[in-house]
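Please consider the sequence and model shown here. The report is intended to be read alongside them.

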Amino acid sequence: MILVTGGAGFIGSNFVLQWCSSGEEPLLNLDALTYAGNLANLQPLADSPLHRFQQGDIRDGALLERLFAEHRPRAVVHFAAESHVDRSIHGPETFVETNVTGTFRLLEAARAYWLGLEDPERAAFRFLHVSTDEVYGTLGPADAAFTETTGYAPNSPYSASKAASDHLVRSYHHTYGLPVLTTNCSNNYGPYQFPEKLIPLLIVNALAGEALPVYGDGQQVRDWLYVEDHCSAVRRVLEAGEPGEVYNIGGWNEKPNLEIVHAVCALLNELRPRLDGQSYAGQIRHVTDRPGHDRRYAIDARKIARELGWKPAETFETGLRRTVQWYLDHPDWVAQVQSGTYRDWVNLHYGSTAAESGTA
């Protein structure tokens, strides 16, 4: 068995679904079910003997100790995190509590459990920590992409909290010998992503006839990674990664945000045309840029390709088409997550422009 934290969130639930579809090994899914954790994501596993769910907080040391003792996992895959930059700007304390304190509690529980194992179980144990490219800071237009040896320079409370958790994980390997693995991924997109992130927000707003908010000039560049590709990379690192090593996971898809917006509009024009025959691009609205907005991220994923033989299966074009089609096919899921709290958040963050009709 493996222990997965944050397995009801966007990336975590995709990982859990992919893992259980293999039919090879059970997992224990620990999730606090905050606003982004959604058990509906895991509905396909309702009758699966491979999936066991436990609601709980990774900051709860006593709970973690009990779960390790009862379930005796051979590995931990740690997705649980607060991950939205905009929310971290408005409320950073939650990010420190979950991403730093929570990771610390999980490391402590894993270390105590690991020390009590006998070989060969002790030698085989792994702690895989899932992180982000944002810990590396920002790049200029001509700068080389982030590698595993790029210095840390986080620029938001979110990325700073993830950088802190990365350092804790590294220290537990070098100080205690805990066999850890760290992955730093680029921007994920795909099914089950909460509609506060760019691509699902665009889809949901476009279909509702609302404005498609774009920060500043929209030329912020990101490397886009389809979530199922990310999950397959994490599985490969867990399987064959070298303890103590870091692996960057990217999609080799650097694109400015405004290009993403137009690509989503073009797909919606094709798959779900507006009744008035106009393009969804007419709903684009530029809004004030957020504080400290990093200009460019780019991942050099050659190490994981060279050492572990992994590369993404989806191009950006195929992955985006699959993503847009998924949201069109799952209106009930979208309606469920669009609670009053979510709508309040969008209005607070983007202001009245997010609620404009934009159909004129």
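## Basis of the report

The structure is a predicted model.

Helix α2 spans residues 61–71, and its buried residues are Leu63, Leu64, Leu67 and Phe68. Viewed down the axis of α2, these buried residues fall within an arc of 130°, so they line one face of the helix. The face turned away from that buried side carries Ala62, Glu65, Ala69 and Glu70, which are exposed.

The cover over the buried residues of α2 includes both strands and a helix: β1 (2–5), β2 (27–31), β3 (51–55) and β4 (75–78), together with α4 (92–115).

## The ends of helix α2

At the start of α2, the backbone nitrogen of alanine 62 has a side-chain oxygen of aspartate 60 within 3.3 Å. Alanine 62 is also one of the exposed residues of the helix.

After α2 comes arginine 72, which has a positive phi, near 45°.

The structure holds one cavity of 30 Å³ or more. The largest cavity contains about 40 Å³ of space.

Which residues line the largest cavity? The lining consists of Val85, Glu134, Asn155, Ser156, Arg290, Pro291, Gly292, His293, Asp294 and Tyr297. By class, three of the lining residues are nonpolar, four are polar and three are charged.

Key: Residues numbered from 1 in each chain as written. Predicted model: local features only at pLDDT ≥ 70, side-chain atom pairs only at ≥ 80, totals over all residues. Heavy atoms only, no water. 1 Å grid on protein atoms, 1.4 Å probe; cavity = no way out; pocket = protein on both sides within 12 Å on 5 of 7 lines; lining within 4 Å. Points joined across faces, edges and corners; volume = space filled by probe spheres on them. Nonpolar A, V, L, I, M, F, W, Y, C, P; charged D, E, K, R; others polar. Buried < 20%, exposed > 50% of the residue type's maximum accessible area, 1.4 Å probe, protein only. Helix = DSSP H or I, 4+ residues; strand = E, 2+ residues; numbered from the N terminus. Arc of directions from axis to C-beta. Contact = heavy atoms within 4.5 Å. Polar contact = N/O pair within 3.5 Å; in protein donor to acceptor, adjacent residues only side chain to side chain.
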